[in-house]
Amino acid sequence: MAYKNTRREFIKDTTTMAALWGAGDLGAHAVPSSVPSALFKTFQNPPREFTVVPFWFINDDLDENELIRQMDDFIAHGVYGLVPHARIGLPEDIGWMSDHWLHYMKVVVDHAAKRDMTIILYDEGMYPSGSCHGQVVAANPEHATRSIERIRKQDLKGDENVVFEDKKYAYVHGYSGGHIRGVHFGTDDGEPGAPPSADILNPEAVASFLHLTHDKHYEVLGEHFGKTIRSIFTDEPDTMGRGKRRGTMEWTPGFEDYLEDYLGYDFIPCLPALWS
């Protein structure tokens with residue numbers, strides 16, 4: 001039997017199947033003849049590799065037995081994959097990517113391996129990704145997110161890094177002032193402890209992030225990579241971070257050279273077009 005080859009035909013058959021299923025009248029006789037029987041049986045009892053893989057928020061005092069209990073409860077309800085996701089509420093003594101945190105992640109992944117579950121790692125605490133909960137900027141303050149800002153020339157103070165000027169405005173390169181959401185109380189949007197976001201347009205900053213997150217995960221969980229751990233989820237990377245100054249555009253040191261090489265012309269005189 002051939003699969004449906006138009007969207008209209010596919011929707012017609014699947015809608016019929018869903019309606020009959022909901023009415024409790026989906027015997028074999030009710031399946032449209034054009035639907036392959038093997039495909040229908042797969043939908044009735046999908047293999048584990050088709051499991052949903054939900055975010056599993058981890059945001060309280062952690063206990064090995066409780067983590068394992070929750071994982072077993074997921075399995076009992078037909079959920080065979082998880083994304084362990086640190087969220088606001090973790091106690092201060094469990095820092096993101098600390099040995100303490102990684103200990104619990106090893107408990108989780110080891111148990112997942114025993115129970116034939118899939119784990120997708122989450123690469124930030126909390127989001128947007130790229131900062132390692134502020135550790136990229138802590139390692140090198142110059143790796144904080146950057147921006148370019150349009151300022152009226154009469155408002156210049158004299159110490160700005162001016163990239164370009166037109167008759168009315170100066171275009172100034174500086175830090176965006178952005179942050180990410182953290183995993184502890186007091187580190188959310190607008191709060192003093194919100195971790196600074198990192199400059200993901202800068203290859204050196206990204207290399208630092210990968211070293212602090214992916215490499216460190218691999219050091220502890222490497223035996224499970226490509227097996228129980230199928231991938232790493234990155235969440236809403238933001239080139240300027242949350243809470244950036246209004247009216248700014250993305251920038252990074254050396255961006256003008258990259259743009260000229262990529263575009264084949266000097267982009268700097270075109271900067272005003274980003275605002276107008």
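I started at Phe 164, which stands opposite Tyr 171 in S6. Strands here are DSSP E runs of at least two residues, and helices are H or I runs of at least four, numbered from the N terminus.

The model is predicted: local features need pLDDT of at least 70, side-chain atom pairs count only at pLDDT 80 or more, and totals for chains, interfaces and linings use all residues. Residues are numbered from 1 along each chain as its sequence is written, and side-chain values use heavy atoms, without hydrogens or water.

Next, the pairing. S5 and S6 (residues 169-175) run antiparallel over 4 bridges; two strands pair if DSSP finds at least two bridges between them. I then traced the open sheet: 4 strands, in the order S5-S6-S4-S8, with antiparallel pairing. S5 (161-165) and S8 (248-250) are at the edges with a single partner strand each, so one side of each has no neighbour in the sheet.

Then I looked up the cores. A nonpolar core is a set of buried Ala, Val, Leu, Ile, Met, Phe, Trp, Tyr and Cys residues joined through side-chain atoms within 4.5 Å. Buried means under 20% relative accessible area, with a 1.4 Å probe and protein chains only. The largest core has 38 residues, and Leu 90, Trp 101 and Ile 119 have the most contacts inside it. Elements giving two or more residues include helix H3 (64-76), helix H4 (99-114) and helix H6 (203-221). H4 gives the most, 7 residues.

I checked Leu 90. Leaving out residues up to four places away in sequence, Leu 90 touches Ile 58, Asn 59, Asp 60, Leu 62, Trp 101, Val 183 and His 184; contact means heavy atoms within 4.5 Å. A second, separate core of 9 residues includes Tyr 171, Trp 251, Phe 255 and Leu 259.

Note on methods. Buried < 20%, exposed > 50% of the residue type's maximum accessible area, 1.4 Å probe, protein only.
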